[in-house]
Amino acid sequence: MPKPLFVGVFGDEDHILDAVKACRAAGLDFHDVYTPFAVHGLDRAMGLPFSKVTWVTFCCGALGTTIALSGMSYASWWDWPLNVGGKEALPFPAFVPITFELTVLVGGVCTMLGMFALCMLFPGKKAKMLHKGQTDDKFVVALKVNDKFDEKKARAIFEQFHVEEVAHRDTDYDANDEQAAKAGGAA
Amino acid sequence: MTDAHASTAAPATEPVTAQAAFSAPPLLKIVGIGMFVVGVILFLLSFAVSREVAFSGWLIGSWYSLGFALFASWLLAINALASGGWAATIKRVPEAMTRYFPVAILPFAVLAVGMYASELYDWAHPHEGGGAHAELIHKKEPWLNPTFWLARMLVYFAIWNGFTWVMVKLSRKQDVDGDVKHSWNIRKIAAPFCVFFGLSVTFASIDYIKSIEPTWFSTMFGVYQFAGIVQSGFAMLILLLLALRNSGHLKGTVNENHFHTLGIWLISTSVFWAYIWFCQFLLIWYSNMPEETQHYFVRWNGPWFWFSFILNPLLNFAIPFIILLPRPHKRNLKILAGVSLVVLVGRFVDLWQFVTPRPVLQNELPTATLTPWQTIISVGPVIALIGLFIVVVMWALERAPISATKDPFFEEGVHHHL
């Protein structure tokens with residue numbers, strides 16, 4: 001079920017940052033904001049909570065530590081005690097480099113996978129774009145059209161910060177798809 | 001340094017009114033003087049244990065406090081080279097920290113007395129009767145002899161003091177005319193200084209500390225000491241900045257974003273220290289060769305184990321790493337201050353467990369038979385020279401405005417945001 005959106009297209013990162021701050025102050029809800037590059041301070045301006053991906057990193061890093069220590073202990077001490085260079089059977093110092101490496105590897109790879117999961121990205125996902133310029137030189141604010149939404153207010157804020165294009169869209173709209181673009185309607 | 005930054009500096013012709021000079025909080029000076037007095041009393045008392053313990057403590061203290069000045073010179077140089085704009089608002093503090101170099105000659109002079117008057121440096125005294133150990137020492141005499149040792153130290157101090165003196169002087173000139181060319185000149189000096197710094201810190205750490213075990217081999221010693229120096233340096237810088245902020249200075253220019261950056265530095269240098277500390281141990285433990293293991297043998301077997309292999313990584317790595325991992329903790333000034341104190345204690349433990357126990361080959365030395373707690377009084381000189389360091393930093397801070405407002409990066413530093 002597509003949800004209605006109210007979209008403003010901007011040409012400058014400073015304008016979009018100010019517009020986002022003003023929209024948040026006016027109590028409008030964001031669907032999302034699309035920019036061709038990371039705009040510093042945008043997440044804070046939108047009022048987004050801190051990313052949960054740090055927890056994925058921490059837990060998966062700890063998992064890597066556990067895998068390394070238990071795996072090596074099992075193989076070289078529990079299952080079949082090995083004598084390597086006359087060291088004790090459970091040589092902790094020798095385990096440290098591999099523990100470190102696996103912590104970093106599992107933590108790092110899972111950070112990437114966790115980011116994909118949190119962003120709902122997966123192979124074969126079809127990219128939908130509200131505006132063709134949003135990966136090039138345009139900055140797009142998409143507001144939710146819900147009971148808090150006030151079109152007059154939103155339009156006034158957008159125009160105050162030099163909006164280039166204003167449109168009603170929905171979440172199924174894709175600027176790359178001509179038919180869907182027609183169904184979604186223009187401004 | 002782009003043109004956009006250059007344009008924020010005032011043109012050289014514009015008349016400039018001098019900023020009000022900074023007056024250091026009296027409490028900090030009193031704390032510094034008090035620490036110095038208490039520490040010197042502890043140092044004098046430690047002669048009752050033995051002369052070697054007393055001068056071991058002085059060696060720890062003088063290298064410990066010299067590390068702050070070394071750290072500050074390194075921080076200034078890398079920030080000048082990497083356009084570290086965030087540090088422009090705090091750079092007066094590292095600049096003041098480098099003014100400890102000329103003063104550090106005095107603690108070094110006491111150490112030089114200790115070199116002649118005690119058995120601290122094994123190589124400084126003739127070995128009667130020969131033996132394998134004496135022969136090994138004798139072969140190192142062209143490098144390890146008192147005259148050359150003193151001469152090398154003077155060269156190191158001349159390099160450190162000369163470079164930092166010019167960098168600070170150029171920064172003071174920029175206070176007057178606001179000319180960007182001073183920043184370029186500081187950068188031109190910083191580049192060769194980094195090369196001299198790397199070499200001189202490696203050689204100085206070997207001359208200062210490692211030469212108390214002249215028959216021990218470690219190829220990681222220079223970088224190991226460098227790691228400890230930058231780690232404890234960031235802890236000290238954080239504490240100095242917090243003390244200045246709590247007494248009402250640096251209000252509009254240093255905020256939690258700057259402390260966050262310093263917290264990132266503190267956790268990453270802690271990890272770096274642990275990496276290097278463990279690397280040095282692991283390779284020696286694995287290859288198990290007598291000329292390398294002699295150092296670790298006395299620390300692995302016996303009461304020093306708890307200090308060398310438990311307390312040391314706990315204070316210098318585990319506690320800072322786990323506590324500073326979450327983002328909000330790096331922005332919480334109380335947590336940051338607590339972790340910095342832990343790191344400073346850890347730096348003492350690191351040097352203490354290195355300097356005090358002697359390897360089995362030198363078993364005839366008095367300190368070889370002492371338990372760790374019998375030498376805890378070694379902390380005296382550390383307290384004394386941190387006190388002296390704080391007084392010197394406060395004195396140096398009063399020579400200039402506390403904010404380098406004419407620095408081309410100053411605006412960027414004020415708006416630093418993480």
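Reader: Is β3(A) largely enclosed by the rest of the structure or exposed, and why?

Author: Some conventions come before the answer: residues are numbered from 1 along each chain as its sequence is written, while chains are lettered from A and ligands numbered from 1 in the order in which they are written. This is a predicted model, in which local features need pLDDT of at least 70 and side-chain atom pairs count only at pLDDT 80 or more, whereas totals for chains, interfaces and linings use all residues. A residue is buried if 20 or more other C-beta atoms, placed from the backbone, lie within 10 Å of its own, exposed if 12 or fewer do, and partly exposed in between. Strands (E, at least two residues) and helices (H or I, at least four) are DSSP runs, numbered from the N terminus. Five of the six residues of β3(A) are buried, so this strand is largely enclosed by the rest of the structure.

Reader: Which strands pair with β3(A), and in what sense?

Author: Two strands pair if DSSP finds at least two bridges between them. Strand β1 (residues 4-10) of chain A runs antiparallel to β3(A) and is joined to it by six bridges, with A:Phe10 standing opposite A:Phe139. Strand β2 (residues 30-34) of chain A is likewise antiparallel to β3(A), over four bridges, and there A:Asp32 has A:Ala142 as its bridge partner. In a regular strand the side chains alternate between the two faces of the sheet.

Reader: Where does A:Gln134 lie, and what does A:Gln134 touch?

Author: Contact here means that the C-beta atoms of two residues, placed from the backbone, lie within 7 Å. A:Gln134 sits in the loop between α4 (92-118) and β3 (139-144) of chain A, and, not counting residues up to four places away in sequence, A:Gln134 touches A:Tyr34, A:Pro36, A:Met129 and A:Val140. This residue counts as partly exposed because it has 19 C-beta neighbours inside 10 Å.

Reader: How is the secondary structure of chain B made up, and how compact is chain B?

Author: Chain B has 17 helices and zero strands. Its radius of gyration, taken over C-alpha atoms, is 22 Å, close to the 22 Å that the globule rule (2.2 Å times the number of residues to the power 0.38) gives for 418 residues, so chain B is as compact as a globular protein of that length. Of those 418 residues, 44% count as buried.

Reader: Which residues have the most contacts inside the largest nonpolar core?

Author: A nonpolar core is a set of buried Ala, Val, Leu, Ile, Met, Phe, Trp, Tyr and Cys residues joined through C-beta atoms within 7 Å. The largest has 106 residues, and those with the most contacts inside it are B:Ala69, B:Ile238, B:Leu241, B:Leu266, B:Phe389 and B:Val393. Helix α3 (residues 51-81) of chain B gives the most to this core, with 19 residues. Another core, of 25 residues, lies apart from it and includes A:Val33 and A:Val140.

Reader: Is B:Thr89 buried or exposed, and what does B:Thr89 touch?

Author: B:Thr89 lies in the loop between α3 and α4 (92-98) of chain B and is buried, with 28 other C-beta atoms within 10 Å. Its contacts, not counting residues up to four places away in sequence, include B:Thr253, B:His258 and B:Gly413. B:Thr89 and B:Gly413 are 324 residues apart in sequence, but their C-alpha atoms are 5.6 Å apart in space.
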